[in-house]
Every structure is written in C-alpha cells, then in structure tokens.
Amino acid sequence: MRTRVPIIDTDIHPTMDPYRVVDFLAEPWRSRFASGNHGPGTLGYWNAAGFLQADAVTDTGEGIASHPETLSRLFFDVYDLEYGILNSESAIHIGVGPDMDFSAAVLSAMNDVMVNDWLPTDPRFRASINVGPSDPQLAAQEIHRLGNHPGMVQVMMGSGARIPYGQRFYHPIYAAAVEHDLPVAIHPGNEGVGITGPPNATGYPSSYIEWHTTLVTSYISHLVSLITEGVFVRFPTLKFVLVEGGVSWIPPILWRLDKNWKALRQTTPWLERPPSDYVREHIRLTSQPMEEPENPQHRKALLEMLDVEQMVMFSSDYPHWDGDTVDFAARAFMKEQRTQVLGETARAVYHLPRASATTPVVPHEATAHG
Amino acid sequence: MAERNQSQKPERWPVARTADIAPGECLIVSIKRHSVGVFNVNGEYVAVLNVCPHELAPVCRGRVSGTTLFSPPGEYRWGRDGEILSCPWHGWEFDLLTGKALTDPRVRVRQYPTEVLDDTVFVVL
C-alpha cells in the first residue's frame, strides 16, 4: 500500500526469543530464566478471541512478530512504514517483579536481544530501552548503558507502578533520560501485575473487558501526578509519551485540572502556567486504540479540543487484538492533521532522520548482565 | 452449470466438493477478484466476503465457534456451536447464518447465496 505521507508507527510488539534472552544473562539469572521462571506474567484475564491478531502468523504458523525478517516483510513492507518503534512483548510485566535485580537483568538481556538481533536487520527498526520503575537507580544505569545507541530512541516502563510517576522517587530515571535526550514512555498492560497493587482504584476487576477499559485510570493518575509534582519544571526538556492510553479523556481531565489549579495553586507553587500548558508542551499520545463513538462527528469535535498535530502520534499496536491499521487511523483525523499524526510528530519526538538519510544500525557488543 | 458471460449478472461458481469443507471449516476462494470464505455451518454452506466491515480485516480467517448466549449476570450459557465467526483482528463476532454482528444488527459481513448440486458447492456472485 502506498500513502502520500511518511508513516512512523510508534507502538509495535515483537516477541523476543527466550533462548536468546538466556544468552545475554549472567548467573544466577541465567539458570533461573532458563528453568522457565521468567518473573511475573499477566493477571490471567481471558479474551475469547485471543490477545494477538489471529492472522498475524505466517503460512507455517510462525508469529510474524517473532522474527525480524517476517516483521519487515509482512508488516513494515505491507504498510510502507518509514520507521516503527519496537516495544518488546512482556517487558513491562517483568519490570514490576518483586526481585528487582532479576527484573533489571532480564530487561537488560531483552534490550541486548533487540540491539543485536533486531535493529541491525532493518534500518526502519527503532526500539525502546526497557527499564523497571521500582528501582530507579538500576533503571538509570540501563539508560546510561544504552542511551547513546542510535537505534534505542526512548525509555519504556509499564503504566502499572507502585506509586505515581510524578514523584521524586523517579527522578533518576528522568535525569538519565534527559541526559541522553530520550523521551520516557509508559505502556499499559501490567496493571495489577507483580508489585503494582490493584489494577484500578477500586481494586481487582473480574473480567478483561473491565480491566482493559479502566486502564485509562492509570493514565489519568500518572498524568496529573507528572504535572502537579512539577516533573516538567524540573526537567524542562523531557518529553513523556502516553502509549496506548487513549486520547478522548484528555480534554475534560485538563479542564478539571486547570480549574482546580486556579483555586489550589498554592499547593503546587512551581506551576506558573495552567497545567494544560505543560501537557501540551511535554506530553505526547499514541493514537491506538482509536475511540470509536457511534457518531464520528463526536470524535471529530473532541479532537478539536486537543492540539492533535502537536500531541498525537500514529500507532498500530501490531500484532495485538485491539490494534488499528494506518488507513483506519488516518481517516479519523482531519486531512491537515495527517502529516503530523502519521509521522512528523514522532519524527521530532524520536529525532528520526528522513529515510533517505538512514544507515543500518550497527550491532552492539554482546555482554552478559548480572 | 450455467453458461458464463461477460455481464454483471450473478453466476454460479463451483468452488468445492461438499466433502472438501468439513463442518466448522472454511475454504477461502477467489471469485471475480473477490476473496470469499465458504463455510460449512453444521451442513449448510455459507459464503462470506472476506472483508470485515470494521477495519477491513480478512474476517474469514477468524475462528468459528459457539458463543455465550445472553444470560442473567453471573451465568454463562454456551450455544450456537459452529455458527459464530470471530474476526481475527478485533474479535467482533458475526452470526454466519445471517451475517449480522452480535453486538449490532446493522453491522454485517457481506454474504452470497450458495447452492449444492450433487456433491458440488456453488457460490452465486
């Protein structure tokens, strides 16, 4: 498929080969991981149709997103992507395990598999540095280890976390990210997993539909925390990407936040401007899952309340069950917004050169992590 | 078999032997450049355009199964085995006997008539 504007997909999920993860682990984590103990998985909710698109497999039944070559040929080529950001499947779950040394070692090994096995195979591949939120010192070490790698363009954590992301506890992560000029992103899916506590403020939902729908509450809470705690006052160059957290809730929450600020600003005296100003400047959103109201005009009206061109970046979430195709997402935005949403905002956030200027990313030296 | 001509009038296209498509299975064929899934729904042959009305996924590559019937809260009643097609992308469920989405009868997959003569399945398109 040919499209008129460059497309950068900001959320694609490759599956890391666990045998390769073992190759990059030092003992005792190598033995632990090789024995099948990979740390926390999901809460075990049920999606009758499965969590992956049922047709995201090759003719021989291999997962298209399990191999760099098939992901290139059967996804990047098909949708004519200029770049895609690869966010490793399962990293956000492992990142909130109770044993932080183990979590950090596995995430480092997964990052190494990305750097060695994936990035060198296709100049369109970019990836996130996975870190765990529970031990910011370890996370910062990992950011410094890989932060200058040209293929690693963002720091990634799950939106399930022990405490809100605005708190000072996380400053080492933000300081390290800013040092390497990397945006920090959060991705949903580990709410309720490991040591994150209940998935939403009311506790443990019974079903996947309830859990999945209310994931947005993590995003509301983290966003308000980031703003009111003054993270962007302290780190004025930091960009924070809310991946897969939805878009439609942002305007009304910002109305509420701005209104509260007018009365309550004494408690957050570092905010010199309305909170929504900081959001516009520092927060970026990925488009998937597109909300689909019965009347499409309602979505259009809602998007008018947001600085779409500055804030929203296309994402497919491939190969997950709730993904969006490029065409479907493009139609949801106004014509004059598409260039920004489909590629240019992401190009700026991730400092991506125009495709003609790209060179393959060089392999990184393999090292084991203890 | 009817004479084929160049008009747009629907024609009968032989697509399979009846034994080639077992109950619950689907054969995807190409007719007039359309990808069409031919399902055996408990002995009845059903032809479906292989395009989901939602995001245009190849819907016929989805799972055929039963589903949970409407029931009081906390109860689960399974039924309609072999009659429900779930889209491989987003899991939207379609009633193979009517083409309608279970959540919204206005949303439907496109269906074509079928005929069985002797042991041959035809799609009319």
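## A sheet in chain B

Strand 4 (residues 44–49) of chain B and strand 10 of chain B run antiparallel, joined by two bridges. Strands here are DSSP E runs of at least two residues, and helices are H or I runs of at least four, numbered from the N terminus. Two strands pair if DSSP finds at least two bridges between them. B:Val48 has B:Gln111 in strand 10 of chain B as its bridge partner.

The model is predicted: local features need pLDDT of at least 70, side-chain atom pairs count only at pLDDT 80 or more, and totals for chains, interfaces and linings use all residues. Residues are numbered from 1 along each chain as its sequence is written, while chains are lettered from A and ligands numbered from 1 in the order written.

The open sheet has four strands in the order 2-3-4-10 (chain B), with antiparallel pairing. Its edge strands are strand 2 (26–31) and strand 10 (111–112) of chain B, and each pairs on one side only.

## Two helices in chain A

Helix 5 (residues 100–118) of chain A packs against helix 6 (residues 136–146) of chain A at an angle of about 20°. Their axes lie 10 Å apart. Helix 5 of chain A and helix 6 of chain A are therefore roughly parallel (angles under 35 degrees).

Among the residues that meet are A:Leu107 in helix 5 of chain A and A:Leu138 in helix 6 of chain A.

## Where the chains touch

Twelve residues of chain A and ten residues of chain B form the contact (C-beta atoms, placed from the backbone, within 7 Å).

Conventions
Two residues are in contact if their C-beta atoms, placed from the backbone, lie within 7 Å. Axes are lines fitted to C-alpha atoms, for helices over the stretch in contact, and angles run from 0 to 180 degrees between N-to-C directions. Angles under 35 degrees count as roughly parallel, over 145 as roughly antiparallel, 65 to 115 as roughly perpendicular and the rest as oblique.
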